[in-house]
Amino acid sequence: MKRIFLWWGERALLLLVSCIVLFPILWMFLTAFKRPRDAYSISLHFKPTLSNFVTVFSDPWNLGEMVVNSVTVAATTVLIAVPCAALAAYSFSRFRVRGRKFLFFLILSTQFIPAVVIILPFFLMFRTLGLLDTRIALIVVNLAIVTPFVIWMLKGFIDAIPTDSEEAALIDGASRFRVIRDIVLPMAAPGVLTATIFCFILTWNEFLFALILTRRNAVTLPVGLVSFRTEQGDLWNLMSAAGVMITVPIFIMALLIQKHFTRGMTAGAVK
Amino acid sequence: MRDRPLSYLLLVPAFLIVLATTLYPLAYSFVIAFREWDLTKQNRPGTFVGLDNFTYAFTEPGFLNSLWVTTIFVVTSVVLTLFIAMSLALLLRRTGRMHTFTRIILILPFAMSPALIGVSYRFMFNPEFGVIAKGLGAIFPALQGVPWLASPDLSMAILVLTDVWHWSPYMTFMCLGGLASVPRETEEAARIDGASGFRIFFGIVLPQMKGVLMVVAVLKTIFALKMFDQVVTLTGGGPGNSTETLAYFIFNVGFKWYDMGYASALAWILTGIMMLISIWYVRMLLSERKVATA
Amino acid sequence: MAEVKLVDVEKRYGSFLAVPKQSLTIEEGEFLVLLGPSGCGKTTTMRMIAGLEEITAGDLMIGGERVNDKPPKDRDIAMVFQNYGLYPHMTVAENIGYPLKLRGFNRQAREARVAETAEKVELGKLLKRRPSELSGGQRQRVALARAIVRTPKLFLMDEPLSNLDAKLRVTMRAELKHLHHELGVTTVYVTHDQMEAMTLASRVAVMRKGRIVQLDTPKMIYSEPANLFVASFIGSPPMNLIDGVISQGTFTAPGVNLPVSAADRGNVVLGIRPEELDLVPADGEGLFSGLLYALELTGESTLVTLREGTTVVCARGGADFDAPIGTRCALVPKAGARLHLFDKDSGERV
C-alpha cells in the first residue's frame, strides 16, 4: 500500500513540476494565436488566428528586421568565439603551460564581471566611433560574455576525452595540427556543438547590451519586446507572438542536443 | 605533452578577445570612476575627483536602496533556488518515463529569454486579465483583485519567482550531477545498517553533496547579483524604487541621467562584491579539483 | 630496426625527480621489458623514448641518431597503448590505415596493406566496424595491426595486455611473441606483470622508484636476483624471505636452523623459492619446522604455508598433499636448491 502511494505520489509531483514549468510557456503560445479581444480573457475557447504574426512582421513593428539582427549577431558571435575558445580550451586542457593557472583564473574571473561594468566604457567608445546602433557593436560586447564561458565549457569536454588517441596519432606520424584536425575535432564534436548552441542561446537572449547599444537599426528580438509596450497599454497578443518567435528556434536547438545539453550545463562546475 | 610554442599560440586568439572585450573596458571604466563626467554636458572625461564618486554613493538614498533591494533579492532567490533544485534533483534521480519527460521539460526555462520571462509573468499577474491573478482570485476569494505588481512586497516576490523559475532547472541539473557522483555503495551500506531514508539523506548524501551545493550557491549568488532583464520587463524597478536592483540602478545612473563617473564608480562597487565572491569560488573549485585528483 | 641508447637520461617535473639519471642500451632486434610496480618510472621512460615526454637531461639515440628534439612523428616508431588509443570515429580499416595515410600512401596501396595486415591478426572480417563495436581482444588486435602495418624502427608497448581478461592475455602473449619472432623489430615493452616479463623478454629491466635495479635475462633475474626487491617481485608465489642471523656457518631464525657457507653476520635475509622446498614429516630434521597455516590447491600443485612465531614460509607441495590445519610440518631444501642471502639494510645480495 505504502509503496503504491509513494509511486503515484512521485509521479504526481513530477507532473506538477512539469505543469509549473510548462504553464507560462504554453500560455504565451496560446495567447500568440488569440485575437486581441480573446487575449484579454483567460478563456480557452477562442478561434486561433495567425493575424498576430502577420501584424508583428509588418509596419510599424517590423519583427523581420529584428530577426535578421538577432540571427546575424548571434551567428557571428558564435563563429568568432567558438573556434578561438576551442583552441584555448585545448591548450588549457592538454599542455602544462607556464602561467596556465593564472591565465585560466583570469579568464574564469572575467565571467563573473557584471555586464553593466563593461557596457559603460563600450557605450562611450562606440559613441566616439559612431558604432552605436550597429550589429558590430553588439557582436563585440557579446564576445566578452560568451568567450570565457565557452572556454570553460569546452575545457570540461576536452578534459573528459582520453589523450591516448591523440598520442597514438602523434606516433603514427601526425603533426600537432593534423592531430587536432583528424582526431581531436571529430572526438570533441558533440562538445563543440553543445558549446556552440549554448553560446548561441546566450547571445540570442542577451538583453542589457542590446537595450543600451541599439535604438532603431540593430534592435534584437528581446529588446523588440519592449516596443510592444505602447501608449494604448501592453499589446499582449503581439508580445506573445514575438515571444514565440524568440523561443521556438532556441527550444528546437536545446531539445535537439538534449542529452549533451544537460551535460554541458554541469560541465566545469561539477568536477 | 610537448610543443611549447604551439601551446601558447593556441591561447593567443582567445586571450586577445578577452583582453579587448573585458580587460580594456574594465581599465577604462576604472579610470572614469575617479572622474566627474556628465555626458549631457561634455564629451570628454571631466576633472579628477578622487574617491568622491565612491563616498557619494554611500550617502545617496538611491544607491543604498538598491543595495538593500539587491540583498533581499539575492538572499531569497538563492535560498529558494537551492532548496527547489536539491528537492527536484532528489525527485528526478530515479529513472522512469515520467522522470525523463520532466528532465527534458526542465531544459526549457533556461533556454528562455529572461526578458521574455519578465514580460510573460507581467502578463499573467495583470489583475484584470492575467491568468494567474484571475486563477488565484477564483480559488482563493481573499486574493481577488490583489494589485500584484503595484505592491512593493508582492512585486519583489514575483521578481524572485521569475528568477527561481528561470534558474532552478539549471541548478537541478547541477545537483543531479552531484548526486550522480555520490557513490551508491555508501548509501546501500547505510540502508543495510538499518538507517531510515531520512537519516540516509541527512547523514550520508547531503554531506557528500556539500561541494556541489557550495558551487551552486555561489554561482546562483553571482547570477542573482547581476539581475537586470526581468526588472526592466516585469517591474521597471517599481512600484517606486522597490525593485531597483544594483544593476538596474547603475543602468539608470548611466543611461537615464548620463552620469558616467558615478555610474562607473557604482559598477566598480558591484564588481568588487562579485570579484570577492568569484575569487573565493574559483579558489574553492581549484582546491576541490586538487582533492579530486589526489 | 635499430638500437636504442639512453645516455644519462633524466626526467623531472618541476622539482620532482621522476626518473633519475641513468643509461640503458636496447640492442637491435631485442625484446626488452621494463618491469616494475606502478609509479616506478617505467612508463615515463617509455614515453621519453616515444617523444611524448620531453627529456630533461641526457641523450636519446635511436639507430645511432640523437632524437631528443625530434617530434614523435619523425622518430619512426610505433606504439601500442594500454587503452589501445584507437580512433573512435574511424572504422577498423581507417584506424589501421591512418599511419599509411599520413605517409602519403595512395588509397589502393593503403587498402592492400591494411587487408594484408588485418589478415595477420585475424581482423579480416571486421574492417568496416568501429572500435566501439569490438570486444577488448579485438580492439587490442586493431592497435597491434596499426603498429605493424608499417615497419618501424622500434615498437613500444605500454601494458598492452592489462585490459584483457586472464585467458585472452595468455593467448595474446603467445601472439606477441610470435610476431616479434616474425618481424624481428626492436621492442620495448612496459608491464607490471612479472609473468609477462618472464615469458616475453629477451632481457628484463626491473625498475623501482625511477631506477633500473637489475637488467638481465629472465633466467638470471629469476635465479640470481640482485637484491631483495627483485627477489620479492619475481616469481609467483614469491620467494620466501626470512630475517635472521648467521653464526658459525648456520643461519638462524625462529624455527629455522640451516647450515650455510657464508661468513658470520647479523641482519641478514635468507631467500628460497617455494618450488625448491620439500615437505617432510614433522619429526624429521628440516630447514624449518612450523604449524600448518593454510593450504591452497592450484590444480597442478598445493601451496603450503607454515608458520612459526613471526616466520612464515610457503612451499609448493604435490597436488595430493593434505593435512589438518595446525599440524606440525617441516620443510627441507631440495637437492641443489639455491639459497639467496641479502643484506637486510641495503637489500643487496651478499
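Begin by selecting Tyr258(B), which sits in the loop between helix H11 (246-255) and helix H12 (260-293) of chain B; helices here are DSSP runs of H or I with at least four residues, strands are runs of E with at least two, and both are numbered from the N terminus. Although Tyr258(B) is not a glycine, its phi is positive, at about 55°. Most residues other than glycine have a negative phi, and most peptide bonds are trans.

The model is predicted, so that local features need pLDDT of at least 70 and side-chain atom pairs count only at pLDDT 80 or more, whereas totals for chains, interfaces and linings use all residues. Residues are numbered from 1 along each chain as its sequence is written, chains are lettered from A and ligands numbered from 1 in the order in which they are written, and side-chain values use heavy atoms, with hydrogens and water left out.

Next, select Asp59(A) and Pro60(A), which are joined by a cis peptide bond with omega of about -5°. Pro60(A) belongs to the loop between helix H3 (51-56) and helix H4 (63-94) of chain A. In chain C, the peptide bond from Ser236(C) to Pro237(C) is also cis, with omega near -5°. Pro237(C) is found in the loop between helix H8 (228-233) and strand S11 (240-247) of chain C.

Now display chains A and B together. Their contact (heavy atoms within 4.5 Å) takes 99 residues from chain A and 96 residues from chain B. The buried area, meaning the accessible area (1.4 Å probe) lost by two parts on being put together and summed over both, is about 9,000 Å² for this pair, with 80% given by carbon and sulfur atoms. Between chain B and chain A there are two salt bridges, each defined as a side-chain nitrogen of Lys or Arg within 4 Å of a carboxyl oxygen of Asp or Glu. Select Glu10(A) and Arg94(B) to see a salt bridge with an N to O distance of 3.3 Å. Helix H1 (residues 4-32) of chain B provides 20 residues, the largest share of the side of chain B that touches chain A. That side comprises 70 nonpolar, 17 polar and nine charged residues; Ala, Val, Leu, Ile, Met, Phe, Trp, Tyr, Cys and Pro count as nonpolar, Asp, Glu, Lys and Arg as charged, and the others, Gly among them, as polar.

Move to the interface of chain A and chain C, where 17 residues of chain A and 25 residues of chain C take part in the contact. The two chains bury about 1,700 Å² between them, 61% of it on carbon and sulfur atoms. Asp164(A), Ile171(A) and Asp172(A) account for 39% of the area that chain A buries against chain C, more than any other three residues. Three salt bridges cross this interface. One to select is Arg47(C) with Glu167(A), whose closest N and O atoms are 2.6 Å apart. Helix H8 (164-172) and helix H9 (176-205) of chain A each supply at least two residues of the side that touches chain C, and H8(A) gives the largest share, eight residues.

Finally, select residues 67-90 of chain A, one of the spans that an unreviewed UniProt entry marks as "transmembrane region"; such annotations may be inferred rather than shown by experiment, and feature names are shortened, with positions given in the numbering used here. The span is 100% helix and 0% strand, and its end C-alpha atoms lie 34 Å apart.
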